Amino acid sequence: RPEMPQDMQTQIPYIHRMVEAFGLRQIRAQGQEADDLIGTVAAKAAAAGLDVVIVTGDKDMYQLLSPSVRIFDPVKEKWIGEEECRARFGVGPERVADVMGLMGDAIDNIPGVKGIGEKTATKLIKQYGSVEEVLKHAGELTPKLKGLLTEHAEAARLSRQLAVIQTDLPLEFQREEFQVKSPPTEPLAGLLRELEFFSLLKTLQQIGR
């Protein structure tokens with residue numbers, strides 16, 4: 001994957017400090033993708049009987065949806081469940097990685113099949129069920145699609161593999177560690193002053209009264 005831009009790299013330590021100051025549980029694992037950490041924690045929390053909410057606008061995460069796992073998109077202020085997944089992709093969460101394998105995702109550096117967009121990818125996976133089945137039946141498609149799938153077959157397989165979010169990393173899940181608590185006024189207030197987040201500081205001071 002491409003290296004993170006330098007201006008973003010410099011922000012990461014501050015993000016960690018802010019999360020810690022808010023008293024929120026952090027999970028880090030050297031060499032692991034954030035999506036896989038989220039997927040694993042979501043799966044373990046659901047298995048423990050909890051209702052899980054993943055806050056994200058990333059459509060890759062749709063594959064994690066289940067009766068116990070929902071998504072909240074903070075940009076669109078929209079709740080997403082299995083029904084919304086089927087409305088968007090025409091397939092259930094278990095086939096989202098196959099759709100992504102064909103259409104790709106520039107944000108997550110998933111190449112997909114050049115020339116196949118979301119609409120066509122959705123139609124093909126809805127009809128055939130998986131990337132492998134689409135490739136197997138490429139001869140039944142239009143000459144253009146047949147050519148694209150034949151030329152980029154390995155890219156499709158690799159993209160599907162890249163799109164799959166792992167849910168079985170060796171992580172311990174203790175629900176007590178994720179309990180939301182009121183953040184301590186200090187050192188949070190000091191950090192907000194340092195970063196000049198004065199609106200948040202004002203809100204914090206009002207809560208503390």
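Predicted model: local features only at pLDDT ≥ 70, side-chain atom pairs only at ≥ 80, totals over all residues.
Colleague: Which residues is Thr122 in contact with, leaving aside neighbours within four places in sequence?
Modeller: Thr122 lies in helix H6 (residues 118-128). Thr122 counts as buried because its relative accessibility is 12%. With those neighbours left aside, its contacts are Arg88, Phe89, Gly90 and Val99.

Colleague: How many helices and strands are there in the protein chain?
Modeller: Helices (H or I, at least four residues) and strands (E, at least two) are DSSP runs, numbered from the N terminus. From that end, the elements run α-α-α-β-β-β-α-α-α-α-α-α-α-α. The count is 11 helices and three strands.

Colleague: What is the strand order in the open sheet?
Modeller: Two strands pair if DSSP finds at least two bridges between them. E1 and strand E3 (78-80) stand at the edges because each has a single partner strand. The pairing is mixed, and the order is E1-E2-E3.

Colleague: How is E1 joined to strand E2, and which residue in E2 is the bridge partner of Val55?
Modeller: E1 and E2 (residues 69-73) run parallel, joined by four bridges. Ile54 stands opposite Ile71. For Val55, the bridge partner is Phe72.

Colleague: What angle does the direction of helix H3 make with that of E1?
Modeller: Axes are lines fitted to C-alpha atoms, for helices over the stretch in contact, and angles run from 0 to 180 degrees between N-to-C directions. H3 (residues 34-47) packs on the sheet and touches E1 and E2. The angle between H3 and E1 is about 160 degrees.

Colleague: Which residues of strand E1 are on the uncovered face?
Modeller: In a regular strand the side chains alternate between the two faces of the sheet. In E1 (residues 52-55), Val52 and Ile54 make the covered face. Val53 is partly exposed because its relative accessible area is 39%. The uncovered face holds Val53 and Val55.

Colleague: What accessible area does the nonpolar patch of Val53, Val55 and Trp79 have together?
Modeller: Patches take residues with over 30% relative accessible area and no salt bridge, joining like charges within 9 Å and nonpolar side chains (Val, Leu, Ile, Met, Phe, Trp, Tyr) within 5 Å. A salt bridge is a side-chain nitrogen of Lys or Arg within 4 Å of a carboxyl oxygen of Asp or Glu. Accessible areas come from the Shrake-Rupley method with a 1.4 Å probe; for residues, only the protein chains shown count as cover. The three residues together have about 290 Å².

Key: Residues numbered from 1 in each chain as written. Heavy atoms only, no water. Buried < 20%, exposed > 50% of the residue type's maximum accessible area, 1.4 Å probe, protein only. Contact = heavy atoms within 4.5 Å.
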